[in-house]
Amino acid sequence: MSHATVRIPAPLRPLVGGVSEITAPGETVEDVLVRLGADHAGFLERVLGPGGELRAFVNIYIDDRNVRSIDGLRSKVSDGDTIHIVPAVAGGRR
Amino acid sequence: MIARQRRLEELRRQVVEVDAVEAARLQQDGAVLIDVREPDEVAAGSPQGAERIVRGFLELRVEDSVPDLDKTLVVMCAGGARSLFAARDLQELGYTDVRSLKGGFNAWKGDGLPVQVPRVLNDAERERYGRHLLVPEVGEAGQIRLLESKVLMVGAGGLGSPAALYLAAAGVGTLALVDDDVVDRSNLQRQILHTDQRVGDPKVDSAKATLHALNPAIQVITHQARLTSDNIDALIAGYDVVVDGSDNFATRYLVNDACVKHGIANVHGSIFRFEGQVSLFWPAYEARRGPCYRCLFPQPPPPELAPSCAEAGVLGILPGVIGTLEAVETVKVLLGLGDPLVGRLLVYDALDQRFTELKVERNVECSICGDGASEIEYVDYGALCSSGVSA
């Protein structure tokens with residue numbers, strides 16, 4: 001089983017106890033996310049839609065590559081990969 | 001006197017002289033015409049398209065303008081004597097085909113060839129922008145380009161504050177500000193354009209006062225309005241760069257779609273608590289075809305996943321970092337310098353003090369900039385706010 005380090009974006013940190021990264025096991029990006037969801041209530045539905053699909057306003061990266069350009073949620077994870085979760089953020093002016 | 005004439009005779013044997021008509025023909029065929037006269041002479045007029053490098057700095061600066069030593073050069077002064085000395089020095093520097101314009105600028109003008117009165121910096125501008133002039137990548141030509149540039153700032157708040165301050169300081173000649181809000185005391189924790197005395201004033205007016213206090217010579221245009229699908233075309237037309245410092249998805253998507261439509265560079269910055277994102281969405285960038293904001297995030301989040309602005313909060317210094325990076329990208333675009341953030345998303349985590357660079361690929365199926373995209377129709381998303389994925 002591979003282990004990846006998941007970088008948690010600021011908007012999701014309150015759901016995972018405030019930490020900036022978590023290491024989790026999984027063969028695919030989906031495995032890793034589901035594992036985090038099992039450990040942290042409320043996390044998964046921020047990233048995946050009701051049908052289990054990646055939400056349109058969230059991007060997942062393995063290192064610097066967007067999984068949408070690889071194999072989506074089924075993209076393979078290797079030991080030592082860093083997974084970045086990048087949500088759309090509106091803030092700025094106020 | 002005699003020594004001078006003897007030397008000019010020698011130079012005429014070493015340097016080919018061309019008349020003005022021949023010089024113009026060479027220039028049309030790709031030769032570089034170099035005007036080596038003093039700034040006060042150039043200010044009265046100079047051949048169109050000429051490189052203007054004052055004689056005293058010629059050898060030190062010519063390679064910045066003409067890196068190819070085999071390029072044909074035609075050197076020009078007022079009457080054709082200084083250009084002979086200058087041409088010989090360029091030969092010694094290694095240029096293989098250097099000519100001198102016989103009769104100089106007087107002959108050029110006399111033959112009715114095209115002349116332009118170039119924008120030159122005045123003494124006050126030379127003093128103010130002196131540290132830019134010392135940077136070869138900016139220099140006088142770059143500074144003039146900044147002074148002739150027009151940048152539209154969407155939002156005069158957290159991101160817009162540092163961006164507008166630095167762009168005004170840099171001498172971006174026209175800054176337009178769009179913001180419908182008034183200054184609130186709770187803004188002052190991060191919105192450094194505003195002051196305690198100006199609480200209650202329109203943000204665009206407060207911003208204008210601060211920017212003019214810093215640099216009175218620039219033009220600041222204010223629009224106390226919210227961007228909508230009805231007014232955006234009129235507001236952004238004619239600008240070189242749009243700096244997105246907005247606080248809501250409706251405006252961000254509108255800015256993106258309009259920038260794609262008008263081919264304008266969209267400098268993107270967004271912040272949440274202690275994390276920020278910066279990129280440059282500019283499909284019209286010539287060096288490589290980049291993505292737009294919708295390639296990265298095709299749709300905004302639904303309202304139930306977008307909490308109110310007031311709930312989210314932000315570390316006050318964070319927009320300082322992100323807005324300043326937006327200003328850097330803006331100046332790079334205006335000057336055509338370096339490698340812009342086209343196709344790259346910079347994510348900044350202030351707590352871990354870490355920058356992460358991620359690739360943003362163009363989506364060929366993008367509804368706005370994709371291969372099959374039809375004519376752009378703006379969408380008003382209504383009052384979506386703050387962050388897409390928030391707690």
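**Close-up views of the predicted two-chain model**

**Figure 1. Salt bridges link chain A and chain B.** In this predicted model, the count between the two chains is 7 salt bridges. One pair is A:Arg7 with B:Asp352. Their side chains meet at 3.1 Å, N to O.

**Figure 2. The contact between chain A and chain B draws on 32 residues of chain A and 54 residues of chain B.** The size of an interface is often given as the accessible area lost when the parts come together. Here the buried area is about 3,400 Å². Carbon and sulfur atoms give 54% of that area.

**Figure 3. The largest cavity is lined by residues that include A:Arg7 and B:Glu275.** Rolling a probe the size of a water molecule over the atoms shows where empty space is left. Searching the whole structure gives 2 cavities of 30 Å³ or more. The largest cavity holds about 150 Å³ of space. Its lining has 15 residues. Nearest the centre lie A:Arg7, A:His84, A:Ile85, B:Glu275 and B:Val347. A:Arg7 also takes part in the salt bridge to B:Asp352.

**Figure 4. Strands of chain A and chain B contribute to the lining of the largest cavity.** Chain A supplies β5 (82-87). Chain B supplies β13 (275-281), β14 (344-349) and β15 (354-359). Each of these strands gives at least two residues. The largest share, 4 residues, comes from β5(A). By class, the lining has 7 nonpolar, 3 polar and 5 charged residues.

Figure 5. B:Arg273 sits in the loop between β12 (265-272) and β13 of chain B. B:Gln353 sits in the loop between β14 and β15 of chain B.

**Figure 6. The largest pocket has a volume of about 1,300 Å³.** Four elements of chain B give two or more residues to its lining: α3 (39-43), β4 (51-52), α4 (58-65) and α9 (139-147). The lining has 33 residues. Those nearest the centre are B:Arg52, B:Gly139, B:Glu140, B:Ala141 and B:Gly142. Which element gives the largest share of this lining? That is α9(B), with 6 residues. By class, the lining splits into 16 nonpolar, 5 polar and 12 charged residues.

**Figure 7. Residues 384-391 of chain B have pLDDT under 50.** Chain B averages a pLDDT of 93. In chain B, 95% of the residues score at least 70. Across residues 384-391, pLDDT stays under 50. For this stretch the model has 52 contacts beyond four places in sequence. Where pLDDT is low, the predicted coordinates should not be read in detail.

Definitions and conventions: Residues numbered from 1 in each chain as written. Chains lettered and ligands numbered in written order. Predicted model: local features only at pLDDT ≥ 70, side-chain atom pairs only at ≥ 80, totals over all residues. Heavy atoms only, no water. pLDDT = per-residue confidence, 0-100. Contact = heavy atoms within 4.5 Å. 1 Å grid on protein atoms, 1.4 Å probe; cavity = no way out; pocket = protein on both sides within 12 Å on 5 of 7 lines; lining within 4 Å. Points joined across faces, edges and corners; volume = space filled by probe spheres on them. Nonpolar A, V, L, I, M, F, W, Y, C, P; charged D, E, K, R; others polar. Buried area = accessible area lost by both parts, 1.4 Å probe. Salt bridge = Lys/Arg side-chain N within 4 Å of Asp/Glu carboxyl O.
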